[in-house]
Amino acid sequence: MRLGGMAALTVGFGALTAALAGLASLSTPAVAGAAARPAAPQAAVIIHPDVLHAGRGSRQPPTTAECETAFKVACYEPNQIRHAYNLPALYGRGVNGAGATIVIVDSFGSPTIKNDLGVFDHQFGLPAPRSFKIIQPAGAVPRYNPNNPAMVGWAGETSLDVEYAHTIAPDANILLVETPVAETEGVTEQTFRSKASVGALRGAYVDAYKHHVTVLAASGDSGAADVRLDASTFYTFPVTSWPDSDPLVTAVGGTQLHLDASGNRRSPDTVWNDTYNKSANQFIFGDNGPNPLAGGGGKSIFFARPSYQDRVRNIVGRGRGVPDIAMSAACNGAVDVYQSFAGQPAGWYPSCGTSEAAPLFAGIVALADQVAHHPLGLINPALYAMSASHAAGLADVTSGNNTVSFRQNHHSYTVHGFNARHGYDLASGVGTVNAALFVPELAALAGR
């Protein structure tokens, strides 16, 4: 990341400390800048390795109709996503991420990502990135092992991050930062021994804030619940994950798009929650569920309410509330991802989760950076100011919740989450975006 012109950084949590420590030794701050002049320090960091996809690939990207027939869930291609967020209006004005760089940090990376992005771009008529580089600043990454589930999973995460950040900001450069470690401590706040143990890992975010870096983190895929340190047993009460709960981070939650074949909305976006959708459970887990399958959200037990959330104190109380904003993440509305690394059959995989939402929003931030001609830094104050003023670029999400249910230790549990409402809520944040209006609004407000 210490390179000029950077716009967005995608980080799997396990890579976080080692990756950013290694990057700090490079010479130039992580930045996203305007095409017309040297970039100032800014980036967007996406953190959360929770990509979900069905364990099956196809030779061609399935259409919405084909997914609905085969899997009883919808899936979408890049042009549908672009249309849904009103991005062609920006592209027509030359706002495409030119001059910015999307930085993606993932544990291990993917051994086939450059080829896979080429296949993805050819299929959907996207231009190749102006530049696509891969670095390993925290040390050499171990040789890819297709029998290592962690490496296979991270390769899938890398595919989703790269392909859909590029979908939104097609002319941005891409810098993939691969790290040699995977997360071992856990991301739910309760998995840390104390607030101090989290504080010891916050140096990267403090440094990012000082250098006007926009940091993004996915809010998770288990709704109001989340997993314990064993990564398989769920808490039976509402919990929140870190780093999306950090006040220096923008937390990206999940929505469900309801689109036709062209990307037109058949109905307004809702909070993503596939927990009780039997088809989605069969698609992801191979059973009828219910399984936790929803966007994360809730109140931090570590961090006090930041000043930018004072306007929504009636919702968050004394704690930091997440998410801040939301983008497409639903499994009933998955996106087509191409991957060819060993360990799974090469092909197209419908993928979902807030690991989709985060790179989508990273691309949006890159577009705003191009328009702003200056680093945006922490964008949360701007997001809440936009919500308070009912900015036209924000689309309120008023339907749905992130309550989840599951069976565990021969008992059934329901973890009651939070309902969408007008204005800010703990399921969708301030809402989602109409990019044609949101990008110039964010560019005008953030980083001043």
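Trainee: How many salt bridges does this predicted model hold, and how should I read such a pair?

Mentor: Side chains of opposite charge can pair when their charged atoms come close. In this predicted model, the count comes to six salt bridges. One of them joins the side chains of Glu68 and Arg266, with 3.7 Å from N to O. That pair links distant parts of the chain, since Glu68 belongs to helix H2 (residues 64-70) while Arg266 sits in the loop between E9 and strand E10 (270-271), 198 residues apart.

Trainee: Are Glu68 and Arg266 buried, partly exposed or exposed?

Mentor: Glu68 has 32% relative accessibility and therefore counts as partly exposed, whereas Arg266, at 53%, counts as exposed.

Trainee: Which side chain does Arg130 meet in a salt bridge?

Mentor: Arg130 meets the side chain of Asp171, at 3.0 Å from N to O. Arg130 is exposed, with a relative accessible area of 57%, but Asp171 is buried, with a relative accessible area of 13%.

Trainee: At what angle do the axes of H5 and H6 cross?

Mentor: Two packed helices are described by the angle between their axes and the distance between the axes. Here the axes of H5 and helix H6 (residues 149-168) come within 10 Å and cross at roughly 40 degrees, and the two helices are therefore oblique to each other. The crossing in which H5 passes H6 is right-handed. Among the residues making the contact are Leu117 and Phe120 of H5 and Val162 and Tyr164 of H6. The contact residues divide into five nonpolar, four polar and three charged.

Trainee: Where are cis peptide bonds found?

Mentor: One joins Trp242 and Pro243, with omega about 25 degrees, and another runs from Val322 to Pro323, with omega near 5 degrees. Pro323 is placed in the loop between strand E12 (319-322) and strand E13 (325-328).

Notes. Residues numbered from 1 in each chain as written. Predicted model: local features only at pLDDT ≥ 70, side-chain atom pairs only at ≥ 80, totals over all residues. Heavy atoms only, no water. Helix = DSSP H or I, 4+ residues; strand = E, 2+ residues; numbered from the N terminus. Axes fitted to C-alpha atoms, helices over the stretch in contact; angles between N-to-C directions. Parallel < 35°, antiparallel > 145°, perpendicular 65-115°, else oblique. Left-handed = near helix turned anticlockwise from the far one by under 90°. Contact = heavy atoms within 4.5 Å. Nonpolar A, V, L, I, M, F, W, Y, C, P; charged D, E, K, R; others polar. Salt bridge = Lys/Arg side-chain N within 4 Å of Asp/Glu carboxyl O. Buried < 20%, exposed > 50% of the residue type's maximum accessible area, 1.4 Å probe, protein only.
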